[in-house]
Amino acid sequence: MNTPVDLPRFHSTCPHDCPSTCAIEVEKIDSHTIGRVYGADNSYTQGVVCAKVARYAERIHHPDRLSQPLRRSNKKSADGVFEPITWDDALDIVAEEVQSTIAKYGAEAFWPYHYAGTMGLVQRDGINRFRNCLGTSQQHNTFCTTLADAGWNVGVGAKRGADSRLIEESDLIVVWGGNPVNTQVNLMHHIATAKKRGAKLVVVDPYKTGTAKQADQHLMLRPGTDGALATAVMHLLVKEGYADRDYLSKYTDFTAVTEKHLSEKTPQWAADITGLSVQEIITFARLYGENKKSFIRVGYGFSRSRNGAVNVHAVTCLPALTGAWKERGGGALYSNGALYSNIDKTLIEGLDRVSDVRVLDQSRIGDILTGNPMDLLDGPPIKALFVQNTNPAVVAPESNKVIKGLLREDLFVCVHEQFMTDTAKFADIVLPATMFLEHDDLYVAGGHTHVQMTKKIVEPFGQCRSNHQVLCELAARLDLEHPGFNMTEWDLCDHTLKASGLHDAETLYKEHWQDVARDFEGSNFLNGFDTPDKKFHFSPDWSRVGPNYQSMPTMPDHWEVTDESSGSYPYRLVAAPARQFLNTTFTETPTSVKREKRPALLVHPDDLMALSITDGQKVRVTSACGNLLVHAKAFEGVQSGVVIMESIWPNSAFEEGVGVNALVSAEPGFPNGGGVFHDTAVKVESA
Ligand SMILES: Nc1nc2c(c(=O)[nH]1)N[C@H]1C(S)=C(S)[C@@H](COP(=O)(O)OP(=O)(O)OC[C@H]3O[C@@H](n4cnc5c(=O)[nH]c(N)nc54)[C@H](O)[C@@H]3O)O[C@H]1N2
Ligand SMILES: Nc1nc2c(c(=O)[nH]1)N[C@H]1C(S)=C(S)[C@@H](COP(=O)(O)OP(=O)(O)OC[C@H]3O[C@@H](n4cnc5c(=O)[nH]c(N)nc54)[C@H](O)[C@@H]3O)O[C@H]1N2
Ligand code: SF4
Ligand SMILES: [Mo]
């Protein structure tokens with residue numbers, strides 16, 4: 001598209017599931033058309049956005065966008081055939097199916113299912129109001145943050161941390177188990193500013209990512225072994241006098257027992273577990289000990305293992321040991337979610353209507369739809385599913401089972417979507433959804449500290465309707481009464497903001513964002529941590545953060561519960577995010593697909609040789625859960641024995657229509673569940 005110069009620009013916020021929640025400016029060509037997207041001049045975004053969102057015109061004006069309601073006209077299959085119907089007919093069918101399901105099997109047989117296609121509070125979480133008013137099955141959100149939340153909260157007490165803008169004042173930045181070059185590019189901008197001042201960057205990641213390539217030290221460990229690395233680093237910090245004894249006694253529960261425990265966790269012990277050399281561990285420990293202005297940016301990646309919460313907790317012990325929290329530019333950040341906990345979501349989520357119903361594990365949708373009684377918590381089978389904002393046929397673990405469930409002829413499925421995703425293909429009714437530039441919403445951010453308000457910039461494409469509109473229409477048909485169903489999106493935001501003591505919607509929109517950061521002392525817990533005794537906990541009480549805590553280690557350690565490689569499955573698979581996609585979003589835009597080329601399995605050249613496989617050859621990858629075909633690619637930046645598949649390509653991008661999550665187990669992580677996407681032992685064979 002040729003974009004004329006000097007187009008008017010409108011403020012908005014990137015809605016995608018990304019810690020950056022970039023403040024953006026969108027060029028508007030006419031009432032239906034946008035030009036390019038730019039980063040706004042916000043103190044965190046700093047004018048930077050990722051390439052995939054800069055070219056958002058490719059997505060919003062995509063020729064394959066859903067534009068009208070559709071009804072399935074063939075038997076359920078991965079190749080759904082659909083015919084257009086009117087909105088009224090489509091909504092009537094959905095309402096009738098919901099009503100008859102509830103009449104026959106009870107409200108818990110209906111499962112509204114959602115996740116984070118948009119992060120706007122109204123468009124994402126309004127489905128909770130719908131659930132609460134109907135008394136349907138609820139959802140335990142375990143795709144993404146559960147494991148990291150548990151690991152962070154058990155020691156620190158609340159999901160917040162050091163101000164990410166202070167990275168620019170740090171002397172050492174440790175990006176631990178995240179790949180911001182792919183997943184939150186403006187963090188790299190802050191790191192680059194620090195590097196210009198001479199700061200060092202360390203990256204802890206099983207493979208040489210774009211972020212690792214920029215590091216002064218890359219600790220390329222085996223997946224699932226971060227607890228061992230962090231514990232051995234603590235062993236050295238104590239031994240070599242880098243522990244801040246005053247800080248430890250004032251702010252933490254560190255005792256002689258902790259010290260005795262650490263004294264046994266030698267670098268050699270960790271080297272054997274992690275596959276790193278003793279020298280690499282010593283070098284990192286000294287670098288960390290010598291630089292008190294050290295900022296650990298805790299990523300999600302290393303939490304996505306069965307022992308992920310234990311690993312995250314072990315890493316949070318480091319700044320508590322050296323007292324790095326005392327320094328500007330020191331400490332750690334995982335997410336700032338708790339900064340917004342005072343936002344009153346009663347109207348949006350119908351929190352005044354919560355009832356005692358079962359809560360089903362989002363990641364176990366395969367077992368749930370195929371009727372596993374344990375997962376159904378001895379309740380009725382799911383007979384109707386309403387999906388908004390997520391693509392579970394691809395993103396959920398054990399996708400073969402998810403698809404088996406979606407294929408059930410006795411299961412009514414409605415999917416509200418922007419594209420004909422692999423999930424929508426199994427639907428009985430498909431409804432077309434607006435994109436963020438076509439509706440109003442309110443955003444908070446994990447990676448920074450701003451609340452933002454956005455207004456529709458262009459008219460909805462075709463007959464698309466927003467999530468809020470669709471829920472209100474269904475609520476009317478189902479006689480649900482709640483003030484939230486009678487308000488516009490804007491009014492919902494306005495009431496919510498006012499009830500929360502924030503700027504009203506119009507002011508917030510005009511000012512673009514409101515910074516809710518705490519001061520330095522508050523952010524860095526210098527008035528105490530958010531645990532019951534105000535101390536950081538080296539000895540975590542896991543029972544505080546989840547029900548399955550009984551066997552968990554009570555000190556920082558390596559915990560051997562991962563899907564370890566064995567004779568049958570000799571490789572460890574990491575299913576990391578691809579740069580040009582955002583989960584499965586953008587897998588439809590031509591430039592993203594062109595840049596990612598095709599699904600690939602990155603394999604160390606020594607392993608390729610041992611397997612008698614050549615670079616580019618097709619291989620079959622098998623785990624205990626499933627198998628798929630993919631092309632192998634020689635890649636030196638990974639330990640022998642570890643393989644990487646950047647994703648999440650649609651299942652239909654694979655030769656047999658089976659994608660990466662067919663390999664990933666739906667076993668819940670400890671202690672509170674959570675998807676173990678990077679914890680899979682596999683076999684690789686030439687196909
Ligand atoms: N381009 C792009 N951006 C995204 C996404 C995307 O898919 N693509 N997804 C978005 C979403 S929903 C989220 S939650 C965030 C996630 O963003 P991140 O916090 O970056 O987390 P992950 O995406 O899970 O994985 C990041 C890195 O963790 C590494 N990793 C895996 N296992 C281990 C381990 O055991 N130890 C260590 N040290 N590292 C490990 C992987 O190799 C990978 O490089 O990104 C968001 N942004
Ligand atoms: N192998 C592997 N699997 C993973 C991960 C991994 O790292 N590796 N990461 C996991 C993580 S961290 C996450 S968060 C999940 C993410 O899983 P999902 O939340 O399912 O993320 P997406 O695949 O991006 O799907 C979001 C869908 O919502 C749609 N959508 C966007 N905006 C709207 C809207 O306003 N209305 C409606 N109705 N629809 C909308 C988009 O078109 C898209 O199809 O995936 C998990 N799965
Ligand atoms: S970096 Fe993340 S928040 Fe920013 S524009 Fe890209 S996807 Fe959106
Ligand atoms: Mo996520």
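**Val 357.** The model is predicted. Is Val 357 buried or exposed? Its relative accessibility is 15%, so I count Val 357 as buried; the cut-off for buried is under 20%.

Next I listed its contacts, leaving out residues up to four places away in sequence. Val 357 touches Glu 108, Gly 135, Thr 136 and Gln 138. I then checked the pair Val 357 and Gln 138. They stand 219 residues apart in sequence, yet their C-alpha atoms are 6.9 Å apart in space.

**Cis peptides.** Ile 648 sits in the loop between β24 (642–644) and β25 (680–686). I also noted a cis bond between Phe 670 and Pro 671, where omega is about 0 degrees. Pro 671 is again in the loop between β24 and β25.

**Positive phi.** I turned to backbone angles. Leu 377 is not a glycine, but its phi is positive, near 55 degrees. I place Leu 377 in the loop between α16 (365–369) and β14 (384–388). Its relative accessible area is 48%, so Leu 377 goes down as partly exposed.

His 512 also has a positive phi, about 75 degrees, without being a glycine. Where does His 512 lie? I find it in the loop between α21 (505–511) and β19 (513–515). With a relative accessible area of 27%, His 512 is partly exposed.

Methods:
Residues numbered from 1 in each chain as written. Chains lettered and ligands numbered in written order. Predicted model: local features only at pLDDT ≥ 70, side-chain atom pairs only at ≥ 80, totals over all residues. Heavy atoms only, no water. Buried < 20%, exposed > 50% of the residue type's maximum accessible area, 1.4 Å probe, protein only. Contact = heavy atoms within 4.5 Å. Helix = DSSP H or I, 4+ residues; strand = E, 2+ residues; numbered from the N terminus.
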